[in-house]
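Here are my notes on this model, as numbered points. Please read them with the structure open.

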Amino acid sequence: MISIDRPTADLGDVRVTNRAAVLRHVRRHAPCSRADVAAHTGLNKATVSSLVAELIEHGLLRETGLTENRVGRPATMLVLDGARYVGLGLRVGADELVAVAAGLGGDPVLTWRRAFPAATAGAEETVKALAALTRRAVTRANRRRFEKVLGLTVAVPGLVDADGDVPAAPALLARRTARRRVAPRPA
């Protein structure tokens, strides 16, 4: 008997992928109907209806009403909701750390800036400062109308290797070098 090992996806993985396809289509083409989603994603109508019901229940989509500019029965239109959710983006700059909470449509809803000498700080100190800023941002987002932070992204001014290390950050090094040149020399 010959056995070939092939990676397989379970039904949960397929459902997650299909949910993402539905959300992506609605984000790009809203307002749109379930039939529009099915036609453009290749998913069958029953699957789309099931996924849309789940996404509405979780507060990620909402129905906006009926459209009558169609042949046949009016369609219920869908748009992104996600008013309860945000994604968090962090940016490390030479002189500051920035956190931005953005809604599902990508629009910033809250922004925090913190002065931080990243050009002269070590990696451990920078990570601790980012963690503190992240905790503060999540706390403030939760105090507002947002129920949950769905994800986090960190941007650094340099190359990131496969292990997540930043072996080269020219923007930080250039700033550090400029500071050294400007500093007065002892007599």
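**Notes on the fold, a pocket and a helix pair**

1. The sheet is open, with four strands in the order 6-5-4-7 and mixed pairing. Its edge strands are strand 6 (108-115) and strand 7 (148-155), each pairing on one side only. From one strand to the next, the twist averages 15°. Strands (E, at least two residues) and helices (H or I, at least four) are DSSP runs numbered from the N terminus. Pairing requires at least two DSSP bridges between two strands.

2. This is a predicted model: local features need pLDDT of at least 70, side-chain atom pairs count only at pLDDT 80 or more, and totals for chains, interfaces and linings use all residues. Residues are numbered from 1 along each chain as its sequence is written, and side-chain values use heavy atoms, with hydrogens and water left out.

3. Strand 4 (residues 85-92) and strand 7 run parallel, joined by seven bridges. The bridge partner of G89 in strand 7 is T153. Helix 4 (residues 123-143) packs on the sheet and touches strand 4, strand 5 (96-102), strand 6 and strand 7. The direction of helix 4 makes about 155° with that of strand 4. Contact here means heavy atoms within 4.5 Å. Axes are lines fitted to C-alpha atoms, for helices over the stretch in contact, and angles run from 0 to 180 degrees between N-to-C directions.

4. The axes of helix 1 (residues 11-29) and helix 3 come within 10 Å and cross at roughly 80°. The two helices are therefore roughly perpendicular to each other (65 to 115 degrees). R15, N18, R19, V22 and L23 in helix 1 meet T47, S50, L51, V52, E54 and L55 in helix 3. By class, this contact has five nonpolar, three polar and three charged residues. Ala, Val, Leu, Ile, Met, Phe, Trp, Tyr, Cys and Pro count as nonpolar, Asp, Glu, Lys and Arg as charged, and the others, Gly among them, as polar.

5. Which residues lie nearest the centre of the second largest pocket? They are S33, R34, A35, R73 and A75, among twelve lining residues. Helix 2 (34-41), helix 3 (45-57) and strand 3 (75-80) each give two or more residues to the lining. The lining divides into five nonpolar, three polar and four charged residues. A pocket is an open set of points on a 1 Å grid over the protein atoms alone, where a 1.4 Å probe fits, with protein on both sides within 12 Å along at least five of seven lines; lining residues have an atom within 4 Å of a point.

6. Check the peptide bond between A30 and P31: it is cis, with omega about -5°. P31 is found in the loop between helix 1 and strand 1 (32-33). Most peptide bonds are trans.

Notes. Parallel < 35°, antiparallel > 145°, perpendicular 65-115°, else oblique.
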